[in-house]
Amino acid sequence: MFSFLLAFSALAGSLLVNAQSVIVPGAQWKDTSGNPIQAHGAGILKVGSTFYWFGEDKSHNSALFKAVSCYSSTDLVSWTRHNDALSPVSGTMISTNNVVERPKVLFNSKNNQYVMWFHSDTSNYGAAMVGVATASSPCGPYTYKGSWKPLGADSRDEGLFQDDDGTAYLLYASDNNQNFKISKLDANYYNVTAVTSQLNGATLEAPGIVKRNGVYWLIASHTSGWDPNPNKAFHATSLAGPWSSQADIAPENVRTYYSQNAYDLPLGSNAIYMGDRWRSNLLGSSQYIWYPLDFSSGSPQIVHADVWSVNLGAGTYSVASGTSYEAENGQLGGSSRLLSNSAFSGGKAVGYLGNGGTVTITVQGRGTAQWVALYIANGDSSWRNTTISVNGGSSIVLDQPNTGGGGVVLSVPVQLNLRSGSNTITFSAGQSNYAADLDKIIVY
């Protein structure tokens, strides 16, 4: 069974869970029809007990606009795709030749209307506008109202925040991405009325705000194109500021576990960090990186979890515990060799995998499909991949992101069918290219 450590619960012990009831950051997520979820740059809206996930459909592997998708779920795990919320309109700023990114939706109780805001741009990102569309139901379809520069200034990456009193705010990278602004929306949520706060020289993008105990927490990345950077947190007791200096939400060297913030969803006294692991040359294969965002220390910290679950009723999260197997204890084959680095678990890893080098690790299984996390280091600027074979069977290929350095370790998940009892898993056989160095694996 899966063994879970319960966070913020008086209950301790093991939980038996269905393999589909867990969140696995970095895996390929599929909807209830079995299709890959296409909802990048996420925005989440809760209506009653249903969550709606809006995002960019990148299935055409392009930054240009295809659709704003709409999915629904009652558990944040099983997602059903509906009609596209927003579709291209030729001859406008939302044509297939334009850019529509980071859609966010709020419900406006004054007009009983759903209002979508998004980053609206030309293909070269030179327009730097916001766009607005409206609908009478969560998934729409939405009617495009127009695109413009808020208060005459640039707006690229943006988000929305609705305060407890219903007042809404636009969060956006402005002035050629140099200054970050928070501006109040009008009562209809159709436009901004005034700048509430400005963080000069902050170079922030991908923003979200979570309010906890009267404190506003701004989560945002810095600007590094499609490449990840260490996302930061700022706090203030008023949206007008003053805002604190930046603080890390994860160890700096992991670059927010190779992700960029998209949305931050409250969960009890904590929250969920919802990010994207962008693949600029294959945007449709960009992965979703969702982690618990824990506030128990007084400031938000990402809880790294290969496999985890939420209890929405209790407002808690649970992190799975698995069995670790050190790669250096496996059987090395061909040209693979041991590497030493204090960053590796136990100080060692197996390198020179692929191009003749292999390692085989013996693990215990439960006779079912199980998640296995590979802890890897890839100092290249590009992604690598590895073949994986279970018990001598046919191989699958798992993509491996660059980790930010040969001494920086990230985990990448794969689901494998393991028989009950002993299994052998062989990595990197039959491939001419090099795979990432392998530190360890954890079987869940």
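Let's start with C70. At 0% relative accessibility, C70 counts as buried. A word on the source: this is a predicted model.

Now, what does C70 join? A disulfide links C70 to C139. The S to S distance is 2.0 Å, and the cut-off for calling a disulfide is 2.5 Å. By this rule, the count comes to 1 disulfide.

How accessible is the partner? C139 has 8% relative accessibility, so C139 is buried as well. The cut-off for buried is under 20%.

Next, handedness. The torsion about the S-S bond of C70 and C139 is about -65°, so this disulfide is left-handed.

And where do the two cysteines sit? C70 is in strand β4, residues 68-73. C139 is in the loop between β8 (129-135) and β9 (143-148). The pair therefore ties together parts that are 69 residues apart in sequence.

On to the sheet. Here 5 strands form an open sheet. Which order do they take? Read it as β25-β28-β33-β30-β31. The pairing is antiparallel.

Which strands stand at the edges? Those are β25 (331-334) and β31 (396-400). Each has a single partner strand, so one side of each is left without a neighbour in the sheet. From one strand to the next, the twist averages 30°.

β25 pairs with β28, residues 357-365, in the antiparallel sense. How many bridges do they share? The pairing runs over 4 bridges. For a place to look on screen, take L332: opposite this residue stands V359 in β28.

To recap: a left-handed disulfide between C70 and C139, and an open antiparallel sheet of 5 strands.

Technical notes. Residues numbered from 1 in each chain as written. Predicted model: local features only at pLDDT ≥ 70, side-chain atom pairs only at ≥ 80, totals over all residues. Heavy atoms only, no water. Buried < 20%, exposed > 50% of the residue type's maximum accessible area, 1.4 Å probe, protein only. Pairing = 2+ DSSP bridges. Axes fitted to C-alpha atoms, helices over the stretch in contact; angles between N-to-C directions.
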